[in-house]
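Let's go through the salt bridges in this one, a pair at a time. Take a look at the model first.

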Amino acid sequence: MDSGTTPADRPYNQVSGIAPGDRPGPDTRPGRVARDRDPAGRARNARPRDGLGRPLPHGMTGVPTTPDDLALPPEEALREAERLLAAGRPFHAHEVLEGAWKACDDDTRELWKGLAQLAVGVTHLRRGNQVGAVRLLTRAADRIAPYAAGAPHGIAVAALTAWARTLIARIGSGPVPPEMLAPRLVD
């Protein structure tokens with residue numbers, strides 16, 4: 001191989017001899033696990049998941065998950081996400097809020113993204129990842145705070161921002177009571 005070339009300069013993979021994008025179907029090389037893909041070829045994970053969204057081994061029974069293409073009306077998404085948070089399933093609440101964020105086509109997109117990040121922050125905390133929880137909760141609080149003055153759909157932005165900052169301050173100083181991990185999303 002010429003030491004002056006970059007991977008982009010090479011017309012094909014010099015190890016496999018196959019050009020990028022030319023590998024037909026699933027990767028069947030020895031030792032490789034086939035990835036779940038949707039009809040468009042995007043990666044999907046059909047593995048069962050536990051209550052906190054962690055993948056379980058194939059063949060195990062997990063909890064019901066949120067469909068990848070779920071897009072509920074805003075009020076319904078908020079109710080469902082709040083119900084899931086109260087049930088101790090923040091990963092699944094995040095999936096619902098992410099669906100609303102991706103379906104949103106107005107100037108509230110960043111608000112929905114921040115709400116999804118709040119749920120991910122709680123997911124990290126429930127999984128024992130305090131560093132990840134603090135990062136996501138901080139990012140989420142900063143992202144939703146600008147919407148406090150005119151929050152749409154009755155979203156309790158000011159209360160959620162205060163809740164996130166209180167939770168951030170509490171992390172690392174002992175166990176967080178479960179009821180503190182289920183904020184009200186609407187006033």
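Quick ground rules: this is a predicted model, so local features need pLDDT of at least 70 and side-chain atom pairs count only at pLDDT 80 or more, while totals for chains, interfaces and linings use all residues. Residues are numbered from 1 along each chain as its sequence is written, and side-chain values use heavy atoms, with hydrogens and water left out.

Q: Is Asp-142 buried, partly exposed or exposed?
A: Buried means under 20% relative accessible area, exposed means over 50%, and partly exposed is in between (1.4 Å probe, protein chains only). Asp-142 has a relative accessible area of 44%, so the label is partly exposed.

Q: Which residue forms a salt bridge with Asp-142?
A: A salt bridge here is a side-chain nitrogen of Lys or Arg within 4 Å of a carboxyl oxygen of Asp or Glu. For Asp-142, the closest N and O atoms of the pair are 3.0 Å apart, and the partner is Arg-165.

Q: How many residues apart in sequence are the parts that Arg-165 and Asp-142 tie together?
A: Helices are DSSP runs (H or I, at least four residues), as are strands (E, at least two), numbered from the N terminus. Arg-165, partly exposed at 38% relative accessibility, forms a salt bridge with Asp-142. Arg-165 sits in helix α5 and Asp-142 in helix α4 (residues 130-144), so the parts they tie together are apart in sequence by 23 residues.

Q: Which helix holds both Glu-80 and Arg-83?
A: Their side chains meet in a salt bridge at 2.6 Å, N to O. Glu-80 is partly exposed at 25%, and Arg-83 is partly exposed too, at 44%. They lie 3 residues apart, about one turn, in helix α1 (residues 74-86).

Q: Arg-184 and Glu-82 tie together parts how many residues apart in sequence?
A: The side chains of Arg-184 and Glu-82 meet in a salt bridge, 2.9 Å from N to O. Arg-184 lies in the segment after α5 (157-170) and Glu-82 in helix α1, so the parts tied together are apart by 102 residues.

Q: Of Arg-184 and Glu-82, which is buried?
A: Arg-184 has a relative accessible area of 52%, so that one is exposed. At 16%, the buried one is Glu-82.
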